[in-house]
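Here is a walk through one protein model, taken contact by contact. Keep the structure open as you read.

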Amino acid sequence: MKQLYYNGNIITMNEAQPKAEAILMKGGVIVAIGSNEELLAEREDAEVVDLDGATVLPGFIDSHSHFGSSYIFPRFDPSPVGKTNSVKDLVEQAKEYLEEHPVAEGEWFIGMGYDHALFDGQLHPTKEDLDQISTEVPIVMINTSGLLGVVNSKVLEVLNITKDTPNPEGGHIYRDPETGELTGLFQDLAIRDTVLSKMPMPSAETMIESICRAEQMYIKHGYTTVMDGNFEADMRPLLQFCTGAGLISADVLGYVRVASAAKVALEGITSPESKYRTHFKISGAKVILDGSPQIRTAWMSKPYYQAPAGEKPDYCGYPTYESEEHILELFKECMNNRWQLQMQCNGDAAIDNCLDIYEKALQETGLTEDLRPVLIHAQTIREDQMDRIQALGIIPSFFHDHVYYWGDWYRTVVLGPERASRISPLAWAAKRGMRFTLHQDCPIGPPNMMLLLDTAVNRRTRNGNVLGEEFAVDIMTALKAVTIDAAYQCFDDDVKGSLEVGKRGDMVVLDQDILTVPKDKIRDIQVIATIKEGEIIYQAEDMECVECIEEASEFETSL
Ligand SMILES: [Zn+2]
């Protein structure tokens, strides 16, 4: 099958040929790219699509999110994404949802997205609040950070968790300071390992439906490669079924938490360039080293601006693992097996610790080859640490959506004005000529690429304030971070990330020229279509240009 897309404003992200008008693909691979005139001459046998002057970019590449858990569960986000602005809203809306979508016998009800920072008194819901939704169905409400969750009494009963249950390493089970009774709130590895890993698997039907729904969310924002940054081994057959049977079209990359049972999925992987099988590959391993500034669990070198309730003024957060030896062994195991390493750190103390240990692991393993380790989130990285990661060949992947969603909260409560202005300092990476990537960590937020690019360029918060203008980058630099440099991070730069001969025909079509639109209007740009290996996998409805594409396609194909 051949496709010719012509009459486009094609931004290739290939420095040797930055712009083109037409692109020809065969079997999903680009075989020619150039002017309308040149390529229309080669149109024979090709399905021809008129882009009607629309702007085209390489398909967006996700450098960190959680495809497997995105949109599997109902969302209870605050405004403007949703309408859950208080505990009362959460209880009412969840109750209504559960009445309309009763869970099957033995299954749990999981909701995501509530943001206590915007609730009265900045308080989390309690188990008693969730008991108002149901006392029969086990319920877990996962905080928007993804690192905290509240359960109802039924979950505690089913899992036999009592006030005598100890905190797991790297996790905290909250108790009433006076009575010692559980409040229902679980933090970090306590919510992951003590609660969620014990949850019964939803039915295959529910899971397949959710995977397809999740893919739709990503591709409508122009993503053609998505990542599962906390891949669970038992998801593998289902995901490979969905990719292999063509139920979803995007490529899926899995990163496995090496200190978990899911590690089994890494067996047999011996190279960081592991190849796709039916659009799916296990790409590497992940080690979590601290929490998030947003809920003040990131491990900082200086105290938080305001300590959380119950903590002393010198509280700095904490590491996930107490033992450096344990982290060193995890790093060395990944490196010796050539499992690409994603090191998740938000706080600058966690980053110091991570770099010390990584350096030691490099010395002890003696490895000199191309490992492309990634520092995931890197939100509060300091400038001296940028020099260090550059010397070590570590790629920073910034969780930049925090500037928009929680920038105001960071400035007034979490970090104070000075440190808040420096979160995700893209300009420090850009001025060093470093490759870096940008991620959204979906389902923490929706995979809204135009919002991410707008925030990278403008650093506007949810309330319209500008946070650290000097750390913004230009649009071309931001685009590299979600195309060619993201492909490099995934060891996919030989096949993706730019539009050039020999690479896959993965593209996104936009309704405006992203390089010339006023920079404060980037977030208004619409994705008209998403194309994977030559095939249109998503088309916006109700857009004139789409009709042009459809008409042109039908008209030309019928010739
Ligand atoms: Zn994540």
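How many aromatic pairs does the structure hold? The structure, a predicted model, holds 11 aromatic pairs. Take Y404 and Y405 as one of them. Their ring centres are 5.0 Å apart, and their planes stand at 80°. Planes over 60 degrees apart count as edge-to-face, so the Y404 and Y405 pair is edge-to-face. Is this pair buried or exposed? Y404 has a relative accessible area of 9%. Y405 also has a relative accessible area of 9%. Buried means under 20%, so Y404 is buried and Y405 is buried. Elsewhere, aromatic residues form a cluster: F67, Y218 and Y223.

Now turn to charge. The structure holds 34 salt bridges. One of them joins the side chains of D251 and K532, at 3.2 Å from N to O. This pair links distant parts of the chain. D251 sits in strand β15 (residues 251-257), and K532 sits in strand β22 (residues 527-532). The two residues are 281 residues apart. Both D251 and K532 are buried. They also belong to a network of salt bridges. Its members are D251, K281, D492, K496, R504, D506, K532 and E533.

Next, look at R388 and D356. Their side chains meet in a salt bridge of 2.8 Å, N to O. This pair, too, links distant parts of the chain, 32 residues apart. R388 lies in helix α10 (residues 383-392), and D356 lies in helix α9 (residues 348-365). Buried or exposed? The class between the two cut-offs, 20% and 50%, is partly exposed. R388 has a relative accessible area of 24%, so R388 is partly exposed. D356 has 42%, so D356 is partly exposed as well.

K503 and E500 form another salt bridge. Their closest N and O atoms are 3.6 Å apart. The two partners fall into separate classes of accessibility. K503 is at 6% relative accessibility and therefore counts as buried. E500 has a relative accessible area of 24%, so E500 is partly exposed.

Finally, move to the surface. Which residues gather in a patch of negative charge there? They are E21, E37, E38 and E42. Pick out E37, which is found in helix α1 (residues 36-40). Exposed means over 50% relative accessible area. E37 is at 70% relative accessibility, so E37 counts as exposed.

Methods. Residues numbered from 1 in each chain as written. Heavy atoms only, no water. Patch = residues over 30% accessible without salt bridge, like charges linked within 9 Å, V, L, I, M, F, W, Y side chains within 5 Å. Areas by Shrake-Rupley, 256 points an atom, 1.4 Å probe, with all protein chains shown as cover. Salt bridge = Lys/Arg side-chain N within 4 Å of Asp/Glu carboxyl O. Lys, Arg positive; Asp, Glu negative; His and termini not counted. Charge placed at Lys NZ, Arg CZ, Asp CG, Glu CD. Helix = DSSP H or I, 4+ residues; strand = E, 2+ residues; numbered from the N terminus. Buried < 20%, exposed > 50% of the residue type's maximum accessible area, 1.4 Å probe, protein only. Phe/Tyr/Trp six-rings, centres within 6.5 Å; stacked < 30°, edge-to-face > 60°.
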